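Please have the sequence and the model at hand while reading.

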Amino acid sequence: MNAIESISQFHRLLSLPEPLHPLVSVINLDQCTFLEDEIWEGFVNHFYCVALKREATGKIRYGQQHYDYDKGVLSFTAPNQVQQLDLRNTECGSGYLLIFHPDFLLKHPLAANIGSYGFFSYAVNEALHLSDDEEHNLIAILDKINVECGHIDRHTQEIILSQIELLLNYSRRYYERQFITRKNNNHHLLIRFEQIMEAYFSEQTTAANGLLTVNYVAGQMNLTPNYLSDLLRIHTGQNTQQHIHIRVIEKAKEQLSTTNLSVSEIAYKLGFEHAQSFSTLFKKKTNMSPLEFRQTFN
């Protein structure tokens, strides 16, 4: 797999001059031209990228629906995510790219906290759609970062990273707003989520396929696991794994109270490889062992 290892290499591939700072850059897409290179056929970046596309025209697939994006669209990619560009149908367009190398985060709290921004693992079709005010707010932050890149001294890292963290926190707020304002589409997604879980247990395939997983549910919904969990957390207060555990415990209680199956048989039927794992989860969620729960019905 081809790799774009440095900010400087990425600048060259976009026909841009050397960056002001070797580890962070704000790129104006109006000034870019893709260099003809086979690297675009399949590559990974070794840095974080925040892309703000402005005044784009057309449609973007978002979740299971299509949306016009004639306003700002913000997307995020983490290092080492596989990407591909078809130069015949791709233009730089208008907007900005913020790119920063993981080394730039070293010895700063953001190095440990950046994993909490789940949208770096969202798919491109789960982009953030910005209002005019939101877009202007983020562009103002990008402008500050760009200016600071020209002043490399002992304060540079702290000032730039504080601005990057501010941008990420605003993005988190705007994503939560988007989850809430798109109630109709999200309502359908929540119903679909429940249907997938119910079908998985009702079709009696758990013994063969194993315990229901976050990745399976997200894949069935054409969403990334992080996006689905964040969507559920905003609307229900619980992430995907917590919802799965609730459903597993419900099914376990049903089997314990209405059948004579042993705990091991019930565990296997629910997809657990080991009965002990099932018993541990059950006691954690109910404060009773499976056998203690069963005895309450005798």
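## Helix α8

In this predicted model, helix α8 covers residues 225–236, and its 12 residues reach 16 Å from the first C-alpha to the last, close to the 16 Å expected at 1.5 Å a residue. Within α8, the residues Y227, L228, S229, D230, L231 and L232 are buried. The helix is followed by G237, whose phi is positive, near 85°.

## Packing of α4 with α8

Helices α4 and α8 pack at an angle of about 70°, and their axes lie 10 Å apart. Because angles of 65 to 115 degrees count as roughly perpendicular, α4 is described as roughly perpendicular to α8.

On the α4 side the contact is made by Y175, E176, F179 and I180, which meet Y227, D230, L231, I234 and H235 in α8. The residues of this contact divide into 6 nonpolar, 1 polar and 2 charged. Among the α8 residues that meet α4 are Y227, D230 and L231, and these are also buried.

## Packing of α3 with α4

Helix α3 (residues 132–149) packs with helix α4 (residues 156–181) at an angle of about 165°, with their axes 9 Å apart. The two helices are therefore roughly antiparallel to each other, and α3 passes α4 in a left-handed crossing.

From α3, the residues E134, N137, L138, I141, L142, K144, I145, E148 and C149 take part in the contact, meeting T156, I159, I160, Q163, I164, L166, L167, Y170, S171, Y174 and R177 in α4. By residue class, the contact of α3 with α4 comprises 12 nonpolar, 4 polar and 4 charged residues.

Note on methods
Residues numbered from 1 in each chain as written. Predicted model: local features only at pLDDT ≥ 70, side-chain atom pairs only at ≥ 80, totals over all residues. Heavy atoms only, no water. Helix = DSSP H or I, 4+ residues; strand = E, 2+ residues; numbered from the N terminus. Expected span 1.5 Å × (residues − 1). Buried < 20%, exposed > 50% of the residue type's maximum accessible area, 1.4 Å probe, protein only. Axes fitted to C-alpha atoms, helices over the stretch in contact; angles between N-to-C directions. Parallel < 35°, antiparallel > 145°, perpendicular 65-115°, else oblique. Left-handed = near helix turned anticlockwise from the far one by under 90°. Contact = heavy atoms within 4.5 Å. Nonpolar A, V, L, I, M, F, W, Y, C, P; charged D, E, K, R; others polar.
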